[in-house]
Structures are given as C-alpha cells and as structure tokens.
Amino acid sequence: MTATLAQTQQDLVDEFAMFTDWQDRYEHLIELGKDLPLITPENKTEENLVRGCQSRVWLSAEYRASTSLSEGTVHFTADSDAMITKGIVALLVRVYNDRTPQEILGASTEFIDRIGLREHLSPNRANGLSAMLDQMKRYALAFSAGSHEEA
Amino acid sequence: MSTTSSPVKSAYHVEEFRAQFPILKELVHGKPLVYFDNAATSQKPRRVIKAESTYYATINANVHRGVHTLSTKATEAQEAARETIRKHINAKHAHEIIFTSGTTASINLAATSLGQLLLEKGDEVVISGMEHHSNIVPWQLACERHGATLKVIPITESGEWDLGETPGPSTPLREARSEVFTEKTRILAISHVSNTLGTINPVKELIAQAKKQGIITVVDGAQAIPHLKVDVQDLGCDFYAFSGHKAYGPTGIGVLYGREELLEKMPPWQGGGEMIDQVNFEKSTWAKLPFKFEAGTPNIAGIIGLGEAISWMNDYDLDAMAAHELTLLARATKELLTIDGLRIIGTAKEKVGVISFVIEGVHHYDLGTLLDQQGIAVRTGHHCTQPLMDRFGVSGTTRASFACFNTMAEVDALVAATKKAVKMLR
Ligand SMILES: Cc1ncc(COP(=O)(O)O)c(C=O)c1O
C-alpha cells in the first residue's frame, strides 16, 4: 500500500522536525536530492527547463494510463545543477510523484512551510520553488484535460 | 538638511559608522546581519532616513508650482540638493543635474534622446563587454531604432578593457584605441566601475581619445559614486549617470549629469507637466534646463535624501571609506583563495571593494543560500551582466561588496561560512 499524498507530506514534516538547526536541515535536503528520479539526458531540453530559477531545473512528466486495477498517474523526473534546488525538487517529486492529476491539482503546499523551508516559497526568491510547483500542476492539468496520452 | 553628526577625518573608526546604520542591528535567521550586498543597494545612515521623513513631516508639498509657503520650502530643499550634487561631481551648472528614477532611467534618457539627435543609419555606438544590462539594452534599442550598430570593447582575463594594444612599457592604453573607434562612431557608453568585477576603468583616458574624434561620451557611474570622488569636468565626459540607492541614498532617485550644450540640443525624453513652456495642440515648447528633462512631479523626498547622502559622504571622507573597503577586499581576497578550487573573477589592479568568485563543484545558488542561513547577505547570479558571464564561461558568481560599515571580523565570518558551506556541498 503506498502512502497517500497527505501522508507523504506528513512524513516529510516529521522527518524534518528531527532537525533543530539549519545545517542539519539543509544537509538532509541535499541528501534527498540524491534520491531524485533523474530526468534522462535527452529530456534535458529547453522546453523542460523551469523558468524563474537562478539554478537550472529540468522537470519532465509522463502520464501512466489507467489500468483495470489503478487510475492513471503522473510520473515526474527532474534534475538541477544546484544541490539545494535538486533537494527541493526531490521533495516535491516525492510528494507528487505517481499521483493522479486530480490529487496533484487538489494538494495543498502548506507542508513546505511546516518543514521550515518557508523562505523558498516566496515568489521573489530566485530558486523558483513556486515555479516548479506551477509547472507540476500545469502538467497535471494537461493530463487531466487531455486525452491521457504520453506527453 | 541636518548636519549634526561630527565628522571623522583622521583615524578610521568603523564602529562610528556602524552606529549610524540602524539596519545593522537586525538579525537574520537569528544571527547578526552581515551585509555584503552593497553593490546591489547600500544601507542607509540615519541622517538620510531622517532627511526623508523630516521632509514628509514638515515641508511636504509639490515643487515649482504652489505660491504657498510649503511649496516654496520644498522647492528650495530640492534645489539645494541639486546644488549639493552639482558641487560633489563638479558640474559647471546646477541645471546640468537632471533627476531621474535611477541609473537605468538616466541611461534610457541619454540613449533615447541622444539617439534621436545623433544616430543615423550605419553609425556605431561603442560599449564595453563588462556593462550592466542597463548600459547595454538602451543602446541596443537606440541602435535598432536608427539603424546603427553596437560595438563592444572586449574584456581581458583579469577583467579589464582589452583595447588591443601590444604589450610594452608606455601608457596602458596607447594608440590602439584607434581600432576601437572608427569614423562612424558617434557615442561611447562605458561604466566607470564594474558592478560584477569591481574594476575601476581608465575612463578618463578613453574619453580623451573619443573626444579627439568628436565622439559623445556617456559614463555609467552607478558603482563609482559610492567609492570614488568623481569630477565630471576632469573626466571630460558629456554624460554621467548614477543611482542614489547604491551611494547611501534612497531608492527611486538617480541623476543624469549632461553637458549644457548637448542638453540644450537634445529633444525631451518624456512629456508631461513641469517640462513644458507653452502647450497648445499644434505644438508645445519646452521648459528650460533641467526641467525639460524632468516631466511630472519629481521624487522630492528622494532628491532631498540623495542630497543628504552626498553631504554625509563628504562629511565622512569618501577616500577614507574607500581605503577601508580596500583593506577588507585585500583580506577577503587572500583568505578566500585558500579555499580549494576557488577562482576570483575580476583581478584588475585597480578595483573597488567588490569580490566575485566561483568555486569548483559548488553552485553559486547553493552557496548564497547557505551563507544566508548564516546571516550573510551576498549576491549570487549573473549580476545583470550576462555577456560578461559568458566571457568568463560561468553561469554566475557569488559577489561580496563592501561598504564603509563592514568590518574585518565580518570578512572572516564570510570566509568561515563559505568554508562551512563548501564542506556541506562537496
Ligand atoms: C554598473 C551598473 N549600472 C547600472 C545599474 C542600474 O542601476 P539602477 O537599477 O539603480 O537603475 C547598476 C545596478 O545594479 C549597476 O551596477
């Protein structure tokens, strides 16, 4: 049984709650980045670059169509040339990966605040966390509206 | 406005400066703020903050319009600031000081209006490869409008203008400048000091050469005014642009100095109130200088604040501040270089207190974020100089830029924090 989206968010909050100082928190974030499902080199294209990040972030999504056993879900892969950014995108991917478009579109982002990474949420930070989120939701929206084909 | 503080002219007491900047008492992530982003915008001394608030609290009124007492006082205060600035940069006339919203607006004014006056198809505008986007894009636009071409002075490995001279013992710039300019060159637009590299450019020499060929010269002084005594007549430039906010003054205010003779000939940039003499629907005529170029209600509080910032710098001896910043630069340079894989971008002989660097295997964004966690504010990225980043083959740098109130202990904190961050990131 895979955890629900809300459970995964809560897990992350609990995970980060163990760290009391910034250094441990950031070290953990950097570690998370190492588990990110990496985008294939062919997919590191201009179109998959997320705009509005000071570091480069590539994000790609693929729709895995529904079967008799499960609903269709969105599978994300990503990468970044900066480690903290990679950690942040990994955090988002961990929460949103292999969810249905409806789950992704309906999810709240308040967990980021609770993790203690609030500063990354501000739209004027050059890290583009909100740009990444927007991009993920845009993919989900396209898949939910579209013909559910691979994009 | 007020001139209450007592100037320190002899020994340098950094604590005396620190006491005047209220923001230095702020904590960032629970740590005392170390502010090393002065090239982006400097912090403001209490005197400047007070000058603005006193204006609003006591004499706020629109200028040059009312017959009432407050309007007269506001006008007097604004024009007194203009005179302070005139004197500071040694312009001949106060009406050669045009108030704008900042360097960007100043250069856009110059590029648009001069472009209209001077540029024709086939003409050339020369800039350098270390310019801020604000001193590139307005010229690109002007060139596009008039069918002119933008030419760029290349940059050497140390971050200086490469004027193509063969190495040798004579003057640094020598004859080779003739290659930079052709008979088609109309305008030279260059920065006095580079925001990314800290390089102090030999503007006076290049201007002298340009003048011989009748080329109009525009200097972007945004990064020079906070550190150097600028004398526009000595430099010989036709235009000099700067911002208040980088020189201890308020945001949203800047200056374009222009030589009277040219300003008289140039067409207005923006139209509106204040800049006209007579308006009728067939044709309007322009107000005299400087008002011809100051359409609309000016940033009166900003102008007064800028005047105060300039007075403040003069009271406290700009040369002493710059010398102090250079001792910080020397220490930062020496200590940062002990970090494995660290490369300084911008190693010119003549620099202001600005240090840009890259570290092998460390992204500037990561470093900036981890420095911020330790209370240290630096700038990361391309610093609005993308062509210069391309020249050095980097996507961005980390930049620390020093001001009069920074201390050696803060430099040591930067070095230690950088080492800590590098360890986390490798
Ligand atoms: C060299 C240089 N020119 C122009 C500018 C633009 O100044 P402002 O944003 O105040 O208009 C800057 C500011 O970063 C600068 O450093």
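Buried means under 20% relative accessible area, exposed over 50%, and partly exposed in between, using a 1.4 Å probe on protein chains only. Keep that scale at hand for this tour.

This is a predicted model, in which local features need pLDDT of at least 70 and side-chain atom pairs count only at pLDDT 80 or more, while totals for chains, interfaces and linings use all residues. Residues are numbered from 1 along each chain as its sequence is written, chains are lettered from A and ligands numbered from 1 in the order in which they are written, and side-chain values use heavy atoms, leaving out hydrogens and water.

**Stop 1: two salt bridges in chain A**

Select A:Glu15 and A:Arg94, whose side chains meet in a salt bridge at 2.5 Å, N to O. The term stands for a side-chain nitrogen of Lys or Arg within 4 Å of a carboxyl oxygen of Asp or Glu. A:Glu15 sits in helix α1 (residues 5-17) of chain A and A:Arg94 in helix α3 (residues 83-96) of chain A, so the pair ties together parts that are 79 residues apart in sequence. Helices here are DSSP runs of H or I with at least four residues, strands are runs of E with at least two, and both are numbered from the N terminus. A:Arg94 is partly exposed at 33% relative accessibility, whereas A:Glu15 is buried at 18%.

Next, pick A:Arg56 and A:Asp81, a salt bridge with its closest N and O atoms 3.9 Å apart. Here two loops of chain A are linked: A:Arg56 is between α2 (22-34) and β1 (57-64), and A:Asp81 is between β2 (73-80) and α3, 25 residues apart. Both count as partly exposed, A:Arg56 at 45% and A:Asp81 at 34%.

**Stop 2: a covered strand in chain B**

Move to chain B and colour strand β7 (residues 185-191). How many of its seven residues are buried? Six of them are.

Strand β5 (residues 124-128) of chain B pairs with β7(B) in the parallel sense over three bridges, and two strands count as paired if DSSP finds at least two bridges between them. To find the place, look for B:Val125, whose bridge partner in β7(B) is B:Ile187. Strand β8 (residues 216-220) of chain B also runs parallel to β7(B), joined to β7(B) by five bridges. There, B:Leu188 has B:Thr217 of β8(B) as its bridge partner. Follow the chain from β7(B) through helix α7 (residues 203-212) of chain B to β8(B): this β-α-β crossover is right-handed. In other words, with the strands pointing away from the viewer, the path from the first strand over the helix to the second runs clockwise.

**Stop 3: a buried pair and a network**

Select B:Glu294 and B:Arg82, whose side chains form a salt bridge at 2.8 Å, N to O. B:Glu294 is in the loop between β12 (284-286) and α10 (300-315) of chain B, and B:Arg82 is in helix α3 (residues 69-89) of chain B, so parts 212 residues apart in sequence are tied together.

Then select B:Lys211, B:Asp238, B:Arg259, B:Glu261 and B:Lys265, which salt bridges with shared partners join into one network. Over all chains, the structure holds 26 salt bridges.

**Stop 4**

Most residues other than glycine have a negative phi, and most peptide bonds are trans. Zoom in on the bond from B:Leu289 to B:Pro290, which is cis, with omega near 0 degrees. B:Pro290 lies in the loop between β12 and α10 of chain B.

B:Tyr248 has a positive phi, near 70 degrees, in the loop between β9 (239-243) and β10 (254-258) of chain B. B:Tyr248 is buried, at 2% relative accessible area. B:His383 has a positive phi near 55 degrees and is buried at 1%.

**Stop 5: where the chains meet**

Finally, show both chains: 16 residues of chain B are in contact (heavy atoms within 4.5 Å) with 17 residues of chain A. The count of salt bridges between chain B and chain A is zero. On the chain B side, α12 (364-373), β16 (379-381) and α14 (408-425) each supply at least two of the touching residues. Which of these gives the largest share? It is α12(B), with seven residues.
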